[in-house]
Amino acid sequence: AHKKYKQAVHAYDKAIEFDPQYSDAWNNKGYALFEQGYYGKAIKSYNKAIDINPYDIIVQKNIVLAIDAINKSIADEVNKGITLSGLCIHGEALHSFDRIIKLNPKHVGAFNNKGIALYNLGKYDDSIRAYDKAIEKSPKHSGAWYNKGKALLKLRRYGDALFAFDMVTNLKPEFADAWYNKGIALEKLGKIDETILAYDQATKLKPDFAEVWHYKAIALKLRGRFQEADAAFAKAKAFGYKANPSSVLPRPP
């Protein structure tokens, strides 16, 4: 069947070459492309038919069907990609998100999820490029900024990471994990007082955030605030943080 529609496209192209104003040929070419799953190309062909005959109801209906098919394909691929990510099959998830982008190059979520898949594959530079695409299309996408910040931390680009987490905490001040990661970036930049303030925000928003209490205690110790550090270590322990409180543990790179 695929071969038949391929031959049909070729035949309609010949007809269009002979008469570019032949609207039925454009419509039929669109239909043959649609049947092969080339919905975007089908819409382009239908649009040519509409340019020639704006009141053609059949072509208008075909455009609606093609748009619906694209939307359904995107929804199916999104679900597939998210499921694959959840199963840690990141390479296949990446292919899914690439297919969505091909269907809709403006799909912000696909670029963000593509970034996550690349991050999980250890391709941090590539993941940042994907997050940047999402941000370019939606500058206030806090999720993409947050994910970009995490990738920048992995690359030890602490100043850039701090900027990303600043964007997140401005856009979504109630996001405890963003304050925590902002604290990590500040700590790596040697800004210990600001680190403590960021961790304060994180524990205010999520009082049982054991890991933050632990690293907040270390930061307080570095500032000679030993009593507060002991209290923070106790909180970390109470909330289940398993570590030797007197050791300065290596942070995520």
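Start by selecting Leu 153, Ala 161, Tyr 180, Tyr 199, Val 212 and Tyr 215: of the 51 residues in the largest nonpolar core, these touch the most other members. A nonpolar core here is a set of buried Ala, Val, Leu, Ile, Met, Phe, Trp, Tyr and Cys residues joined through side-chain atoms within 4.5 Å. Buried means under 20% relative accessible area, exposed over 50%, and partly exposed in between, using a 1.4 Å probe and protein chains only. Helix H12 (residues 210-222) gives this core its largest share, eight residues. Helices are DSSP runs (H or I, at least four residues), numbered from the N terminus. Apart from that core lies another, of 19 residues, with Leu 33, Ala 42, Ile 43 and Ile 70 among them.

A quick word on what you're viewing: this is a predicted model, where local features need pLDDT of at least 70 and side-chain atom pairs count only at pLDDT 80 or more, while totals for chains, interfaces and linings use all residues. Residues are numbered from 1 along each chain as its sequence is written, and side-chain values use heavy atoms, leaving out hydrogens and water.

Now colour helix H8 (residues 142-154) and helix H9 (residues 158-171), which pack at about 155 degrees with axes 8 Å apart. Axes are lines fitted to C-alpha atoms over the stretch in contact, and angles run from 0 to 180 degrees between N-to-C directions. So H8 is roughly antiparallel to H9, a label for angles over 145 degrees. Among the residues touching across this pair, you'll find Trp 145 and Leu 153 in H8, and Ala 161 and Phe 165 in H9; contact means heavy atoms within 4.5 Å. The contact residues of H8 with H9 divide into 12 nonpolar, two polar and two charged. For that count, Ala, Val, Leu, Ile, Met, Phe, Trp, Tyr, Cys and Pro are nonpolar, Asp, Glu, Lys and Arg charged, and the others, Gly among them, polar.

Next, pick helix H11 (residues 192-205) together with H12: they pack at about 150 degrees, axes 9 Å apart. That makes H11 roughly antiparallel to H12. Zoom in on Tyr 199 in H11, and Val 212 and Tyr 215 in H12, which are among the residues at this meeting.

Last stop: Ala 25, in helix H2 (residues 23-35). Is Ala 25 buried or exposed? Ala 25 is buried, with a relative accessible area of 2%. Leaving aside neighbours within four places in sequence, Ala 25 contacts Tyr 12, Ala 15 and Ile 16.

Technical notes:
Helices (H or I, at least four residues) and strands (E, at least two) are DSSP runs, numbered from the N terminus. Angles under 35 degrees count as roughly parallel, over 145 as roughly antiparallel, 65 to 115 as roughly perpendicular and the rest as oblique.
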